[in-house]
Amino acid sequence: MAILYGENVRLRATERTDIPTFQRWINDPEVVEFLSNIFPYSLEAETAWFESVLKRPMAEHPLVIDLRLTHGKNGKSEWLPIGNCAFMGITDIHRSAEVGIFLGEKEYWSQGYGTEAMRLMLKFGFEDLNLHRVWLRVVESNHRARKSYLKSGFIEEGRFRKAEFRHGFYNDIILMSILQEEWFTNKQKEG
Ligand SMILES: CC(C)(COP(=O)(O)OP(=O)(O)OC[C@H]1O[C@@H](n2cnc3c(N)ncnc32)[C@H](O)[C@@H]1OP(=O)(O)O)[C@@H](O)C(=O)NCCC(=O)NCCS
């Protein structure tokens with residue numbers, strides 16, 4: 001896909017040079033607090049992960065979330081990688097995909113950038129990939145993420161009870177989804 005631009009963020013393809021940044025993010029305990037990654041990741045392990053995702057269909061390659069830092073002269077902008085996102089397990093017949101997202105640069109949390117990036121993903125998914133359903137799972141206690149997903153138009157549709165063991169406790173996993181028709185209805189309403 002071509003690079004997708006929003007007001008403050010853009011989504012672009014991941015390059016090999018992004019791997020050390022991804023490794024730093026994925027080893028930050030605060031960043032992975034609500035993620036399923038529990039192991040420390042070496043640069044080699046992160047590189048192996050990157051090699052493995054390149055073998056997946058193009059629509060499932062991870063995308064880097066870049067934040068626009070400056071509107072320079074001649075319309076030139078500087079971009080800072082702040083996170084990544086990806087579709088997973090796209091099904092041909094049902095046109096369904098799981099989506100995952102995280103911002104690795106913590107100072108940019110709670111400023112709307114995650115929601116903006118998710119909306120770009122949904123636009124790409126529904127308007128270019130012709131997905132019919134995008135779903136995600138989120139730990140019950142991850143209130144910031146849940147609020148962000150609601151803002152993007154996801155609806156809570158169920159929960160896996162005590163499905164994840166982290167920090168000594170079992171947690172419920174909330175399932176959320178948005179349908180293609182809901183995306184277009186929301187878009188119409190927002191004008
Ligand atoms: C989840 C994530 C992508 C959301 O992106 P974001 O840019 O931080 O989210 P947004 O700012 O768009 O929206 C978050 C909302 O939750 C609110 N919020 C923040 N902390 C909160 C809390 N503890 N309880 C309730 N609401 C909270 C914010 O104020 C904001 O709402 P507002 O726009 O009405 O002010 C990002 O925070 C992140 O990557 N977190 C770490 C990794 C992670 O949890 N990934 C998701 C795994 S499912």
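Is L150 buried, exposed or partly exposed? With 13 C-beta neighbours inside 10 Å, L150 counts as partly exposed, because a residue is called buried if 20 or more other C-beta atoms lie within 10 Å of its own, exposed if 12 or fewer, and partly exposed in between, with C-beta atoms placed from the backbone. The structure is a predicted model, in which local features need pLDDT of at least 70 and side-chain atom pairs count only at pLDDT 80 or more, while totals for chains, interfaces and linings use all residues. Residues are numbered from 1 along each chain as its sequence is written.

The secondary structure of the chain consists of 5 helices and 8 strands; helices (H or I, at least four residues) and strands (E, at least two) are DSSP runs, numbered from the N terminus. The radius of gyration of the chain is 17 Å, close to the 16 Å that the globule rule gives for 191 residues, so the chain is as compact as a globular protein of that length. That radius is taken over C-alpha atoms, and the rule is 2.2 Å times the number of residues to the power 0.38. Buried residues account for 26% of the 191 residues. Among contacts between residues at least 6 apart in sequence, 56% join residues at least 24 apart, two residues being in contact if their C-beta atoms, placed from the backbone, lie within 7 Å.

The ligand has 21 residues around it, of which G114, T115, H143, A145 and K147 come nearest; a residue is near a molecule if its C-beta atom, placed from the backbone, lies within 6 Å of it. Strand 5 (96-103), helix 3 (113-127) and helix 4 (143-152) are the elements that give two or more residues to this shell. Helix 4 gives the most, with 5 residues. L150 also lies in helix 4, and its C-alpha atom is separated by 9.6 Å from that of S177, 27 residues apart along the chain.

Helix 2 (residues 43-54) is hardly covered: 1 of its 12 residues is buried. At 1.5 Å a residue, helix 2 should span 16 Å, and its end C-alpha atoms are 17 Å apart, which agrees; the expected span is 1.5 Å times one less than the number of residues.
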